[in-house]
Amino acid sequence: MKFVTFHRPGDLSPRLGVDNNDGETYTDLTARYPDDPAFASMLALIDGGERALDRAAEAYQQIDESALVMRDVVTLLAPFTPRRMRDCGLMVSHLRQSISRTAHWLTENTRTPHSYGEFYRQMDDAFNTLYDPSTPVQFAERDPATVSAPNAVLEWPADSEYLDYELELAAVIGTTGSNIAPENAESHIFGYTVYNDWSLRDVQARNALAGAGAHGNAKDFAHSNPFGPCVVTRDEIGDPGALRMSVRVNGEVWGEGSSSQMLHSFPEAVVQLSAREEIVAGEVWGTGTVRNGSSFEIGRRLPRPALVELDIEKIGVLTQYVVPKP
């Protein structure tokens, strides 16, 4: 099933829906089950476990006309605000191209005694560590307060000249746990979604040069961590390591790839991260960027304005409009 969160005209609060896969309608689960708290939000649905999913499946299979809403009259919202958000190093192959671009940018735009070769070797050493399959899954925290909705407008931050998208697959954790065994790991995943890890490349490069890392304010800024347009349950995806992925800018394909590039799987991440600390239902984990899934690594820059569409097979298209900041 594909779950969405939306506003209908006149709504005072968000509603949880299931996509009827007819291209036209959602079933308003909040209206269908008004007395069941499991359908008050997507987080409540996740917390509701198998019982809630069974009731949602009943609504999907036995459509109630009174709970139908037309897709073209609702406004999609972010599926939910994650309890925790991490970008994991499950895909790292795009870094090879990004390292060269970053080394060139630093050489041309900063006053340092370092040469391109010195910058490249420094970052290449870090890449080789990440690309070792035996390396434990690494992750960087993201600020859940920066999540934004599908089709939302993203204002280009005034302190950056190089805004960039990053095409990622993401998993939604469905069950809390610690020290999870490999044979149980997949059952802790609720479903999958599309994630755009927006980045400020010039801010990122300056931070890296100063020893402040590649994340922080280069990744967490207003509306910089959208995911959606829906969350698709694990059973409907099948193999998450075999999904076609692409990105379009103003209707033109700028990059294509596949989730088969994952160095580590989501179940591996569940095992490894839950061994370090408790993982919590309602977390969202990105894979890291698919190769050719960012404009920086292919040597292009977003125009202003731009329509950016991230498309992952079996899930859908996550769209945002980028406009210059007034």
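This is a predicted model: local features need pLDDT of at least 70, side-chain atom pairs count only at pLDDT 80 or more; totals for chains, interfaces and linings use all residues.
Local features need pLDDT of at least 70 and side-chain atom pairs count only at pLDDT 80 or more, while totals for chains, interfaces and linings use all residues. Residues are numbered from 1 along each chain as its sequence is written, and side-chain values use heavy atoms, with hydrogens and water left out.

**Exercise 1. Find out where Q320 sits and what the side chain of Q320 makes a polar contact with.**

Step 1: Start with the strand. Q320 belongs to β18, residues 316-324 (strands are DSSP runs of E, at least two residues, numbered from the N terminus).

Step 2: Check accessibility. Q320 has 2% relative accessibility, so Q320 counts as buried (buried is under 20% relative accessible area, exposed over 50%, partly exposed in between, with a 1.4 Å probe and protein chains only).

Step 3: Look for the partner. The side chain of Q320 makes a polar contact with that of W198 at 2.6 Å (a pair of N or O atoms within 3.5 Å; within protein, one must be able to donate a hydrogen and the other to accept it, and residues adjacent in sequence count only if both atoms are side-chain atoms).

Step 4: Leaving aside neighbours within four places in sequence, the contacts of Q320 include S148, N196, H223 and V308 (contact means heavy atoms within 4.5 Å).

**Exercise 2. Work out which parts of the chain the salt bridge of E161 and R304 ties together.**

Step 1: Take the pair. The closest N and O atoms of E161 and R304 are 3.0 Å apart, forming a salt bridge (a side-chain nitrogen of Lys or Arg within 4 Å of a carboxyl oxygen of Asp or Glu).

Step 2: E161 lies in the loop between β8 and β9 and R304 in the loop between β16 and β17, so the bridge ties together parts 143 residues apart in sequence.

Step 3: Check R304. With 40% relative accessibility, R304 is partly exposed.

**Exercise 3. Describe the link between R248 and E309: are these residues buried or exposed?**

Step 1: Identify the link. The side chains of E309 and R248 form a salt bridge, 3.4 Å from N to O.

Step 2: Locate the ends. This pair joins distant parts of the chain, with E309 in strand β17 and R248 in strand β14, 61 residues apart.

Step 3: Decide on burial. E309 is buried at 17% relative accessibility, and R248 is buried at 18%.

Note on methods. Helices (H or I, at least four residues) and strands (E, at least two) are DSSP runs, numbered from the N terminus.
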